[in-house]
Amino acid sequence: MRYKTINELNHFRFSNAYIAEVRLSPGSFTLLLDNVIILPENSKNRDIREMRTNGLLFTVSDPELLDFTEEGYRLYDADGNLKHQEPDRCLAPEEYAKGFQTLSGCTIYSVEKNKDSYHISIDTEDHTFFLRVLGTGDMEEWERFLNVDSEF
């Protein structure tokens with residue numbers, strides 16, 4: 001990869017980024033993302049405007065997946081009456097691989113860091129997943145800068 005930043009999460013905007021792949025392995029938690037916005041404050045961005053990239057590799061070092069939650073929902077009829085309710089469901093470790101496959105092609109709502117944990121909210125077509133990953137740092141790697149208005 002040509003560009004690499006360390007602990008510059010706040011110099012990217014991940015909302016509306018597309019997930020190509022999610023990987024959890026000993027030593028790293030990785031998201032392969034398209035349509036990530038690189039903010040002007042980023043140390044590698046020589047422009048004074050927002051740029052974009054595809055194929056960004058976002059890695060959390062020394063990860064511990066604290067939560068992998070499929071958020072619940074409520075279903076109402078046209079009159080506003082509750083028809084069905086599903087509570088939040090935490091995935092078990094043996095369900096992670098299948099859950100990660102489900103996230104491929106989905107859109108990120110947000111990626112935030114709160115002390116030592118990363119909070120990742122992901123929208124599917126009909127509901128939301130929430131990941132909370134404990135880690136010692138983050139790294140972002142990508143090949144090239146694109147104009148924000150250029151196509152994928």
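What percentage of the 152 residues of the protein count as buried? The share is 41%, where buried means under 20% relative accessible area, exposed means over 50% and partly exposed lies in between (1.4 Å probe, protein chains only). The model is predicted, so local features need pLDDT of at least 70 and side-chain atom pairs count only at pLDDT 80 or more, while totals for chains, interfaces and linings use all residues. Residues are numbered from 1 along each chain as its sequence is written, and side-chain values use heavy atoms, with hydrogens and water left out.

**The whole chain**

Followed from the N terminus, the order of elements is β-β-β-β-β-β-β-β-β-α-β-β-β-β. The C-alpha trace spans about 55 × 35 × 25 Å along its principal axes.

Next, display the surface. The accessible surface comes to about 8,900 Å², with 45% of it belonging to carbon and sulfur atoms; the areas come from the Shrake-Rupley method with a 1.4 Å probe, and for residues only the protein chains shown count as cover. Contacts, defined as heavy atoms within 4.5 Å, can be viewed by their separation in sequence. Among contacts in the protein with a separation of 6 or more, 63% are between residues 24 or more positions apart.

Then colour the charged residues. There are 16 positive and 28 negative charges, and their mean positions are 6 Å apart. Here Lys and Arg count as positive and Asp and Glu as negative, with His and the chain ends not counted; the place of a charge is NZ of Lys, CZ of Arg, CG of Asp or CD of Glu.

**Two loops with positive phi**

Select N7, in the loop between β1 (3-6) and β2 (12-13). This residue is not a glycine, yet its phi is positive, at about 55°. N7 is partly exposed, with a relative accessible area of 43%.

Move on to N16, in the loop between β2 and β3 (18-25). Phi of N16 is also positive, near 75°, in a residue other than glycine.

**Salt bridges**

Side chains of opposite charge can pair when their charged atoms come close. A salt bridge is a side-chain nitrogen of Lys or Arg within 4 Å of a carboxyl oxygen of Asp or Glu, and by this rule the count comes to 6.

Select R23 and E21, whose side chains form one of these salt bridges at 3.3 Å, N to O. R23 is partly exposed at 38% relative accessibility, and E21 is partly exposed at 33%.

Now select D67 and R132, where the salt bridge has an N to O distance of 2.6 Å. This pair links distant parts of the chain, 65 residues apart: D67 is in strand β6 (residues 64-70) and R132 in strand β12 (residues 128-134). D67 is partly exposed at 22% relative accessibility, as is R132 at 27%.

Continue to E95 and R89, which meet in a salt bridge at 3.0 Å, N to O. The relative accessibility of E95 is 28%, which counts as partly exposed, and R89 is partly exposed at 36%.

**E86 in strand β8**

Where does E86 lie? E86 is in strand β8 (residues 82-86) and is partly exposed, with a relative accessible area of 33%. Show its side chain together with that of H84: the two make a polar contact at 2.9 Å. A polar contact is a pair of N or O atoms within 3.5 Å; within protein, one must be able to donate a hydrogen and the other to accept it, and residues adjacent in sequence count only if both atoms are side-chain atoms. Apart from neighbours within four places in sequence, E86 is in contact with G72 and Y73. A C-alpha distance drawn from E86 to L75, 11 residues apart along the chain, reads 8.6 Å.

**G135, the last stop**

Finish at G135, in the loop between β12 and β13 (137-142). Is G135 buried or exposed? G135 is buried, with a relative accessible area of 7%. Leaving out residues up to four places away in sequence, G135 touches V60, S61, D62, D116 and Y118. Select S117 as well: G135 and S117 are 18 residues apart in sequence, and their C-alpha atoms are 6.0 Å apart in space.

Definitions and conventions: Helix = DSSP H or I, 4+ residues; strand = E, 2+ residues; numbered from the N terminus.
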